[in-house]
Amino acid sequence: MFDKLKKAFGGSSKPAPKVEEKVEDVVYVETKAPAEEPKTASSKPRIGYIHLSGCTGDAMSLTENYDILSTVLTDMVDIVYGQTLVDKWIHGTFAEEMPEMDLCLIEGSVCLQDEHSVHELLEARKKSGLIAAFGSCAITGCFTTYARGGQQAQPKHESFLPISSLVKVDLALPGCPTAPEMIAKTIVALCEGDLDYLKPAMDWAACDKGCGCDVLTNVVRQGLCSGCGTCALACPTRAMGFSEGRPSCDKDRCVKCGSCYMMCPRSWLPEERIKKETGL
C-alpha cells in the first residue's frame with residue numbers, strides 16, 4: 001500500500017512486529033485467537049500524531065469531525081502513537097521507545113527551550129516513513145514566532161521555529177486550522193499511493209512563503225492576480241482584504257500562517273505557464 005511512497009521518500013519498509021504464538025501446551029489454544037489480531041492491523045498504514053507548540057486547532061479538526069473522518073481513522077489506518085489520540089508517547093512510563101510509523105502528523109512549531117519536544121521531533125523523523133507538517137504553526141511557525149518569552153504558562157519558552165528548521169518535512173497540510181476534508185483526502189491518497197494528488201502538499205513542504213506580503217510580492221506585483229478573492233476567504237484573521245479588485249494586507253493582523261499564499265490559485269503556476277501568460 002505504501003510501496004510507492006516509501007520508494008519516493010526512502011521510508012522504512014520493515015513490517016510491524018508480529019506477535020509470537022505460544023506452543024508450549026494445549027492449554028494455550030484459547031489464547032492464540034487474540035494473538036492473531038495485530039497481524040490484520042499491521043496491514044493498515046501506521047499513523048502517529050504529535051502536538052508541539054500551538055493552539056490545538058488542528059487536533060480539533062482531526063478528532064471532532066466524526067462525519068468526515070470516523071471511517072478514515074477507524075477503518076483505514078492504525079493510530080499507533082500520540083499523547084492525545086492514544087496513550088503512548090515517549091515520556092516517563094508511557095513509552096520507552098517510539099514505534100515505527102508510515103506517516104506522522106506533527107502539529108505546532110518546535111520550541112528550542114523544550115528539550116522533550118525537540119527530542120520527540122528528532123525521534124519521529126527516524127521512525128517515520130513520512131513526516132507531515134500539520135497546520136500553519138508546523139509549516140511556518142505562524143503566531144508562535146512572535147513569542148519572546150515571559151508567557152504565563154511557560155515563561156522560559158522563547159524561540160519557536162517551523163519543524164522544517166530541524167527535520168526534513170515530506171508533506172505539508174496548510175491551514176489555521178487545517179480543514180477536515182484536506183486531512184481525510186490526504187490520508188486516503190496516502191493509502192492509495194496517489195502521488196499526483198499529493199504533489200501540491202509535497203511542494204508546499206519546501207515552500208517558505210508565509211504571509212500576505214508574499215501574495216502581494218509574488219502574485220499581485222507580477223501581474224498574475226486574477227482578483228478571485230480566494231486569499232481573503234482563506235485568511236483566518238481577516239488580514240487579507242480587497243481594494244479595487246486587488247488584495248491588500250493588514251500587517252498588524254497577519255499571523256504569517258501562509259493560508260492565503262497556499263490557497264491562491266495563481267501562486268502555483270509553473271514557470272513555463274507564467275512566462276507564456278506574461279510574455280516574458
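Colleague: Why does Thr237 count as partly exposed in this predicted model?

Modeller: The relative accessibility of Thr237 is 22%. A residue is buried under 20% and exposed over 50%, so Thr237, at 22%, counts as partly exposed.

Colleague: Where is Thr237 placed, and which residues is Thr237 in contact with, leaving aside its neighbours within four places in sequence?

Modeller: Thr237 is in the loop between helix H11 (230–234) and strand S8 (240–243). Leaving aside those neighbours, Thr237 is in contact with Arg253, Cys254 and Val255. Val255 is 18 residues from Thr237 along the chain, and the C-alpha atoms of the two are separated by 7.7 Å.

Colleague: How many aromatic pairs does a search of the whole structure find?

Modeller: The search finds 2 aromatic pairs.

Colleague: Why is the pair of Tyr49 and Phe134 called edge-to-face?

Modeller: The ring centres of Tyr49 and Phe134 are 6.3 Å apart, and rings pair if their centres lie within 6.5 Å. The planes stand at 85°; an angle over 60 degrees counts as edge-to-face, so this pair is edge-to-face.

Colleague: What parts of the chain does this pair link?

Modeller: It links distant parts: Tyr49 belongs to strand S1 (residues 46–51) and Phe134 to strand S5 (residues 128–134), 85 residues apart.

Colleague: What makes Tyr49 and Phe134 count as buried?

Modeller: The cut-off for buried is under 20% relative accessible area. Tyr49 has 2% relative accessibility, so Tyr49 is buried. Phe134 has a relative accessible area of 0%, so Phe134 is buried too.

Colleague: What makes the aromatic pair of Trp204 and Tyr261 stacked?

Modeller: The centre-to-centre distance for Trp204 and Tyr261 is 6.4 Å, with 25° between the planes. Planes under 30 degrees apart count as stacked, so the pair of Trp204 and Tyr261 is stacked.

Colleague: Why can this pair be said to tie together parts that are 57 residues apart in sequence?

Modeller: Trp204 lies in helix H9 (residues 195–204), whereas Tyr261 lies in helix H12 (residues 259–263), so the pair ties together parts separated by 57 residues in sequence.

Colleague: Are Trp204 and Tyr261 buried or exposed?

Modeller: Trp204, at 0% relative accessibility, counts as buried. Tyr261 has 9%, which is under 20%, so Tyr261 counts as buried.

Colleague: How much of the protein is buried, and what share of the contacts join residues at least 24 apart?

Modeller: Buried residues make up 42% of the 280 residues. Among contacts between residues at least 6 apart in sequence, 72% join residues at least 24 apart. The secondary structure comes to 13 helices and 9 strands.

Methods: Residues are numbered from 1 along each chain as its sequence is written. This is a predicted model: local features need pLDDT of at least 70, side-chain atom pairs count only at pLDDT 80 or more; totals for chains, interfaces and linings use all residues. Side-chain values use heavy atoms; hydrogens and water are left out. Helices (H or I, at least four residues) and strands (E, at least two) are DSSP runs, numbered from the N terminus. Buried means under 20% relative accessible area, exposed over 50%, partly exposed in between (1.4 Å probe, protein chains only). Contact means heavy atoms within 4.5 Å. Rings of Phe, Tyr and Trp (its six-membered ring) pair if their centres lie within 6.5 Å; planes under 30 degrees apart count as stacked, over 60 as edge-to-face and the rest as tilted.
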